[in-house]
Amino acid sequence: MSAPGHTGGTAPARAAPWNDPAIRAIAFQLLLLAAVLYVGWMLYDNTTTNLAKRNIASGFGFMEQPAGFQIVQSLIPFSSADSYGKAFLVGLLNTALISAIGIVLATLVGFVVGVARLSKNWIVARMATVYVETLRNIPLLLQIFFWYFAVLRTMPSPRLSISPVDGIFLNQRGLYLPAPVTEPGFWLIPLALALGIAGAVGVSIWARRRLMATGRRFRSGWTGLALIVGLPVVAAVAAGLPLHWQLPELHGFNFTGGIVLIPEFMAVLVALSLYTASFIAEIVRGGILAVSKGQTEAASALGLPHGLTLRLVVIPQALRVIIPPLTSQYLNLLKNSSLGAAVGYPELVAVFAGTVLNQTGQAIEVIALTMAVYLTLSLIISAGMNWYNARKALVER
Amino acid sequence: MSEPHVFTPTPPQPPPSSLVGPVAWIRQNLFNGWLNSLLTVVALYLLYLTVPPIIDWALLSATFSGTDRSACAGSDGACWTFIKVRWGQVLYGFYPEAERWRPNLVFFAGLAGLIGVVPKTRWRKWLAGFLLLPYPVAAFILLCGGVFGLPSVETARWGGLTVTLVVAVTGIVASFPIGVVLALGRRSNMPIVRSVCVVFIEVVRGVPLISVLFMSSVMLPLFLPEGVNFNKLLRALIGVTLFTAAYMAEVVRGGLQAIPKGQYEGAKALGLGYWQAMGFIILPQALKLVIPGIVNSFISLFKDTTLVAIIGIFDLLGIVQAASKDANWLGLETEGYAFAALMFWIFCFSMSRMSLRLERKLDTGHRR
Amino acid sequence: MKLTTRMLTAGAVLAFGAHAAAAATLDDVKAKGFVQCGVSQGLAGFGAPDDKGHYSGLDIDVCRAVAAAVFGDATKVKYTPLTAKERFTALQSGEIDVLSRNTTWTLNRDTAQGLNFAGVTYYDGQGFMVRKSLGVTSVKQLDGASICTETGTTTELNVADYFGTHNLKFNIVALGSNSEATAAYDSGRCDAYTTDASGLYSTRVKLANPDDHIILPEIVSKEPLGPAVRQGDSQWLNVVKWSLYAMIGAEEYGVTSANVDDMKANSKNPEVRRMLGVEGEFGAPMGLSNDWAYQIVKQVGNYGESFERNVGQGSPLKITRGQNAQWTDGGLLYSPPFR
């Protein structure tokens, strides 16, 4: 490694300029910079020349034009009269939705399977191993196709829906759930929930202070839970249950009303969660194994009960090992959600880099914007996890 | 003097029957405590629900004979006839039948070379050299044809496992040198070099492969001067290579960071320049450390090759999917996907085992 | 070794910063010895590979006609299968010389996307296919239905327009490719499948039981399908345009692949004599030999022959001529005069 600062003073006679590492480093970097700029300019020049010569429109003006198509799943109202810009937003929200739910599911399944792999129960441990080794060695796209094309085919038509409980229907068009409909007076419940959360936070701060001051423990967790659950329940009863459920009903071809989880969403979500969970399971297993046995033994020597040992000794240390690779799994999940495009789940790549690109033909703007979005989301997730990691990291004293 | 007393120990008693034997094993591993017993029962029930139907579908009731759909009529099991009939396409896509010896030759030569390189023989270095330089060139000529009297085969006709392997192997081999350069650049003292490398690596790692593939399939052609264009497979290869290079750079960086500072200083003390130090001292050690990481990158690349199906290249998954859309074989997606899954699984699982073995083997060499 | 040469060229061009000379497409095609034709990945009757990878179809015949006109040999074509998404870029970037892939001629594509359409091979319109068991006889009964389509096509827009104007609700499921959309429809994900009517016929014969499905009578849009070339090369545009018109004109004048030699020798019709190159010099201004149209009809056949062979009564699709009949028979096909 050349260190520019160290060379000049110690040499008895100055080396020739082409032999001086400092000068060479500068020259080399200038050359690289020039090359990068040159290639950049080349690409820009070629592209603009090509676009102009072939009379292809450019610029982001198209974002305000009406889209003219509809989108099967949208978190915000969207019609074909809305702009391409709004279609972009719909795709972005769908990506965020499936990534967020996928991350939660994958984490839950991954932790369960990871712990199961370490189970003393032979069958459970073996089953977890088979799960991990099977799912992580099969391409995700193949798994998505499987859930979409092969499993969907076995589902019944809407008229013959599977209905385990009244109001819940499963068929080829998706999973239909009752939708909550609010009535006047509903605002009390979120208010009570907010109060409950605030109260729980307050209690836990107070309990910690008291623990530090007097050494007496207070079960702040249960009190907090009671506040968070109890207050809204009390509020709901007081307001006369201002909520009813709108059941999906078979109407013509399809069910209407209620909430529908479309098959594309379900297939991508299931495949994405189960696939990522197989990697998370390995990370969790590795994290737990990384906590040395001495720690557990020391904890029991101190007289800590098993539950407290786990909570106060094993898990905090395991988390430190788990979090960095977990972050990259979350990032992978976000990026992999783009495979939804393959089965028509209307996420960002399908809607924007798919339909919008095709309708407008402006490949450069569309792809560049799509990539920028993923890059930003990735940076946000990794910043968030770095923050969490910094909090959990060992504070060396 | 009497005979010295010889201590004869009484033969050890066999352990109590509650501690050995299958019954004891079952008790200790499956039914120690009510929670474990419950788990075992639930697990056994789940296995009972899933395994027998799968075995029945895939093997017992499955159809293997015949050459068309009618062979499978009246059977509830899998219709493997479908795979059998399409076997040629699964391996080669639309590669002309008369020319299929060419991908075969490339594959087996590569495989033989890889196997031959593992044991420590005199020929090892020569073989490795052959695999690194003449082999890819020969493979390229052999697959494309058009010279030496070999009929030309357009890449649009390649498909199946051939394309999957071509993309994965080219991707990993071509991305390796780029990855090494990027990793060195990222650890360089020169600010501009470092920033260029960091920006490239982080941008590529922050976007999904599919957007890189879209870029190479619909944007790259517009970047190039008029009259210059690459064919679709080559463009996909460029995309895959750049994408993998960023990940490869991070793997190599891990290796570089694991080399103790003394090695760098030692190299400098010997008066070696930067490239000499890297080439003779640091990289040989670092690369050896990251071989398992490279194999892991290869596994994920191998799985990611399926994404080229989305931009219309018929890799293994693409060809299976296309085949299950054939009028005569509609409704056999499950068989197609199950088969493709099995093939991918065999490749990936054996490579991951190999990576584990390598890890253990290399680990012992470095334990201090 | 073409790849290597191309890579080297690209490298050289990048290195020296020169724009490669933009040769006229016709000279380019003549120099490389074949026409690179962008086609469908598989639409039976219009452009689809058989299980050996050989392409055939109405769109394919246009490619072959162009090759016959340029080289006098209809086999000098190479096909690049393209998805709907990449078809325009492939043409814009010069990867293909002509795009003949059931592509709808629209204002936006013809002006803002760098393409020029060379004519119409098939007058089409968007239709809907449903299962017979639904008992539906009109698109207007599809209120609330789920509809499968391929993304990146005009069909996605037309559905929204049509259902919007008729105040009907619908769920659109837009899949990545034609075959995926078909598979989703076939698996029951959708009540209806929509694409150009020609595509519906082509898809229906590929379903397990074609008779279980009907194509609804409403045609909700105009979909003139035709070959397209890059903007800014009028010579090549003319070659493609007139190759197509030669096929259409030949049918009008009763010239077929069977009687073309006889017609060339004996026809008294001056129009036929000019078309087949017996009178006048009509090939040269396009940069073609004088028997260009003769070669097309001889090797590919006239439009009617190609139609019957690929999508008409001689094929599993059994599409009737309808709008695609000659103007003399009440259809829309009309070739400008060969004069």
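What percentage of the 339 residues in chain C is made up of buried residues? Buried residues come to 55%; a residue is buried if 20 or more other C-beta atoms, placed from the backbone, lie within 10 Å of its own.

This is a predicted model: local features need pLDDT of at least 70, side-chain atom pairs count only at pLDDT 80 or more, and totals for chains, interfaces and linings use all residues. Residues are numbered from 1 along each chain as its sequence is written, while chains are lettered from A and ligands numbered from 1 in the order in which they are written.

**View 1. Overall fold of chain C.** Chain C has 13 helices and 14 strands. These are DSSP runs, numbered from the N terminus: helices are H or I with at least four residues, strands are E with at least two. The radius of gyration is 21 Å, close to the 20 Å of the globule rule for 339 residues, so chain C is as compact as a globular protein of that length. That radius is taken over C-alpha atoms, and the rule is 2.2 Å times the number of residues to the power 0.38. The C-alpha trace spans about 60 × 60 × 40 Å along its principal axes. Of the contacts between residues at least 6 apart in sequence, 73% join residues at least 24 apart. A contact needs C-beta atoms, placed from the backbone, within 7 Å.

**View 2. A five-stranded open sheet in chain C.** The strand order is E10-E9-E11-E8-E12, with mixed pairing. Two strands pair if DSSP finds at least two bridges between them. Strand E10 (170–175) and strand E12 (213–215) are the edges, each pairing on one side only. The twist averages 30° from one strand to the next. Axes are lines fitted to C-alpha atoms, for helices over the stretch in contact; angles run from 0 to 180 degrees between N-to-C directions.

**View 3. The E8–E12 pair and helix H7 of chain C.** Strand E8 (residues 126–131) pairs with E12(C) in the antiparallel sense over three bridges. Arg131(C) stands opposite His213(C) in E12(C). Helix H7 (residues 178–186) lies across strand E9 (145–150), E10 and strand E11 (192–196). H7 runs at about 155° to E9(C).

**View 4. Where chain B touches chain A.** The contact takes 46 residues from chain B and 51 residues from chain A. On the chain B side, H16(B) gives the largest share, 10 residues.

How values were computed. Buried ≥ 20, exposed ≤ 12 C-beta atoms within 10 Å, placed from the backbone. Contact = placed C-beta atoms within 7 Å.
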